[in-house]
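Dear colleague,

I am handing over the structure below, and after it I set out what was found. Please read the notes with the structure open beside them.

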Amino acid sequence: MVCRAAYEKSTQAFLSQLDPQLRFLRSYAEIRPCAPHCLERIVRVDFQELMALAVEEARASRLEGNKGYGALVVYGDQTVGKAHDTAATQGDPSLHAEVNAIRQAVRTLGDPNLSGCILVSTCEPCPMCSSLAVWANLTTLVYGVSIDETARLGKSRIRVSAREIVDRSLAAVEIVGGVLAEACAALYA
């Protein structure tokens, strides 16, 4: 756990400078000193491919009568949470796509610490969802269309960026915006 807290995010930050789609993964099932070695690897993820899956979730949201947001949580090459907003259909304003995907990822992994995971969202997460990403210790947040862009499209949101939330925290969360921005913006036009 010391390695996870101290070195994982700094290693990821270094890799992201080389290529934001490279991901550092460490298996905690086999880690020294209990195991003879640490299993570590570097994988490349395709942000556009992941965003396409989030867009599908957003479309499913609309079909159900919700607002049309989609999100997923990915660890390496494994999707551990995939969801859309259900606030309208379940009558709970906290059920944003990102919240639903993070909850699912925590259940899947059996750990509230999502270090090493990527949150992919069709829209820049609101302050509530950005704060949850910080509390869940996510490594990277990837979004399609920004809060400011959706505001120009007529969506009323709290206009506080994910960057502002992360910058006011002590967490190191990488933020990548504009992935499949046109496809995501079309969801809210």
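In this predicted model, five strands form an open sheet in the order 4-3-5-6-7, with mixed pairing (strands being DSSP runs of E of at least two residues, and helices runs of H or I of at least four, numbered from the N terminus; two strands pair if DSSP finds at least two bridges between them). Strand 4 (78-84) and strand 7 (174-176) stand at the edges with a single partner strand each, so one side of each is left without a neighbour in the sheet. On average, neighbouring strands are turned by 15 degrees against each other, direction ignored.

Strand 7 pairs with strand 6 (residues 140-145) in the parallel sense over three bridges, and Val 176 in strand 7 is the bridge partner of Val 142. Helix 8 (residues 181-188) packs on the sheet, where it touches strand 5 (117-123) and strand 6 (contact means heavy atoms within 4.5 Å), and its direction makes about 65 degrees with that of strand 6 (axes are lines fitted to C-alpha atoms, for helices over the stretch in contact, and angles run from 0 to 180 degrees between N-to-C directions).

Helix 8 also packs with helix 2 (residues 47-64), at an angle of about 10 degrees and with the axes 10 Å apart; the two helices are therefore roughly parallel to each other, a term for angles under 35 degrees. In this contact, Met 51, Val 55, Ala 58, Arg 59 and Arg 62 of helix 2 meet Cys 184, Leu 187 and Tyr 188 of helix 8.

Residues are numbered from 1 along each chain as its sequence is written, and side-chain values use heavy atoms, with hydrogens and water left out. Because the model is predicted, local features need pLDDT of at least 70 and side-chain atom pairs count only at pLDDT 80 or more, while totals for chains, interfaces and linings use all residues.

Key:
Angles under 35 degrees count as roughly parallel, over 145 as roughly antiparallel, 65 to 115 as roughly perpendicular and the rest as oblique.
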